[in-house]
Amino acid sequence: MISSDRAYEYIVNTSSDYITLINRSYEYEVVNDSYCHVIRREKNEILGKQVSQIWGQERFNSKIREHLDKCFSGKVIHYIEEFNFGNEHKYMHVSYYPYITDGEISHVLVFSHDITKLGEIEAKLINYEYRDPLTGLFNRKSLDIILDMELEKAKRSRSEKLRALLFISISNLQQINLDHGYETGTMLLENTGIRIKEFLRSSDYVFRYDGQELVVLLSNLSSESDSAKVAHKLLNRMTIPYRNNNFDINLQCYIGLSLYPHDSSDGSTLIQLAIEALSESIEKKIPYTIYDKSFHENALEKLKLESDLHRAFEKHQFELYYQPIVNLQGEIKGCETLIRWDHPERGFVSPDDFIPIAENNGLINSIGKWVIFQTILSLKKWCVKYDLYISINLTAREFASEELIDLLKTAISKSGNICTKHLKLEITESGGMEDPESTIKRMKELTDLGFEIFIDDFGTGQSSLAYLKNIPATTLKIDKSFIDDIAEVDDSRAYLKLILDLAENRKKKTVVEGVETKEQLAILKEIGCTYIQGYYFSRPLPLREFNRILEQGKKLPLL
């Protein structure tokens, strides 16, 4: 029986990919046979040598080292580049992966895959043979080749896997030719292609497929619903009227979409499905159709919600609610600001539904500013009279924004310079862990200005203990999931106590979220925490109701 080490060695050496393992001193520790063959060196000439000795110091410093350093910091790197191996030129898809030993990144594993044929084909596309002579766009022949190339890239990528194919029909082009002349129709078709190209990113493609049909290939989508957003914006752009001889000419456009990998992983099938979706759009007279009906409905729903979200500010549909945070005796010590969207048709829309949309379209900046200014107005009324603090939730993007500090200073200045210690800034543990070093640096900048930092949903991240050791936050908000079953399960109770003790040892205050029952409260009183928040005491309240509770000066819950 072959040993596992020998089996791995056999697999690596028989691979046609070029495989190397490089340590933190930038030295080769593993190279496979294919790699040795292509650079025309024996293994003993490579192993133990630094990468710069093989590829030259200039190339190492200008290109290779940066990729290795990023990979040692935990990032996966992919790129395509042309390499010279003697007189031979190759297009290579190169991937760098962090290699972990004993919990730490010790090496970089590099895979290089020869895609020379794809590279040569890409170069050929500039030739007349691959372009439509009328519009200058890539033609139908190019679509087959580029689509296959993009699907190959997607299959090899870990992060950039989504692709969308949009078939566009200018359904009244023939009538325009009859009414205004063939030359006018040709000019409109060419200009429509230009409009589309100007709208798309450099990584996307536009083709002329047939007489009145254009095709768009979208690469590197972050979600399937983005394809519908692009279709919607393309239609708005393409249907802007053209002015010709004192006449407005309007194009009637329809779009059919298919998605990779959801609908198919085969290029020919994706084309066929997009054509079917286009036929349905034309038949039903609807602007665009996604082949998968569930995706189509979800995409329409998101677009409608996004459209309504833009108008929510104008129509004053946002409102701030405040959920009390109490001590173990039920005395209100603070509150958390929570935004609510009172939609005229849907009722209250959950922030979980509209905040991600706002982050994608940039509206989160406006929402965040509004929340900060409105919260500080409320704080001005309460902080002195009731010695109350208010916490504001910040997304990871808001927290990292260069504008945050100036925004806070401006809002506080306009309020009459309230004491910053009464305003607490919350960021989720998972959001902060996206870039721990930058997050800690920003926390220190804010604490130096007198703000206190709360870590929300603590315990749900992947590096809670290591994170807790370094963060300059004063308070940890323990996620609701840690208390749901503490009244029934001894292990859950013991685990919660461990977290609370750990926080106390680090001199951190704690807020236990999601308290809903008298039994949970009794246990928390027994094991000890600083503050408590949850529906047992109060649901989030609109401004007037929260004001009334403060004026009454009563302890919670109000039984």
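Reader: How many cavities of 30 Å³ or more does the structure hold?

Author: A cavity is a set of points on a 1 Å grid over the protein atoms alone where a 1.4 Å probe fits but cannot get out. This structure holds one of 30 Å³ or more. The model is predicted: local features need pLDDT of at least 70, side-chain atom pairs count only at pLDDT 80 or more, and totals for chains, interfaces and linings use all residues. Residues are numbered from 1 along each chain as its sequence is written, and side-chain values use heavy atoms, without hydrogens and water.

Reader: What volume does the largest cavity have?

Author: Volume is the space filled by probe spheres set on the points, which are joined across faces, edges and corners. Here that is about 250 Å³.

Reader: Which residues lie closest to the centre of the largest cavity?

Author: Lining residues have an atom within 4 Å of a point. There are 21 of them, and Tyr35, Trp55, Phe83, Val110 and Ser112 are the closest to the centre.

Reader: Which element gives the largest share of the lining?

Author: Strands (E, at least two residues) and helices (H or I, at least four) are DSSP runs, numbered from the N terminus. E3 gives the largest share, four residues. Elements giving two or more include helix H2 (33-39), helix H4 (57-72) and strand E5 (104-114). The protein chain has 21 helices and 22 strands.

Reader: What percentage of the protein chain is buried?

Author: Buried means under 20% relative accessible area, with a 1.4 Å probe and protein chains only. Of 559 residues, 49% are buried.

How values were computed:
Buried means under 20% relative accessible area, exposed over 50%, partly exposed in between (1.4 Å probe, protein chains only). On a 1 Å grid over the protein atoms alone, a cavity is a set of points where a 1.4 Å probe fits but cannot get out, and a pocket is an open set with protein on both sides within 12 Å along at least five of seven lines; lining residues have an atom within 4 Å of a point.
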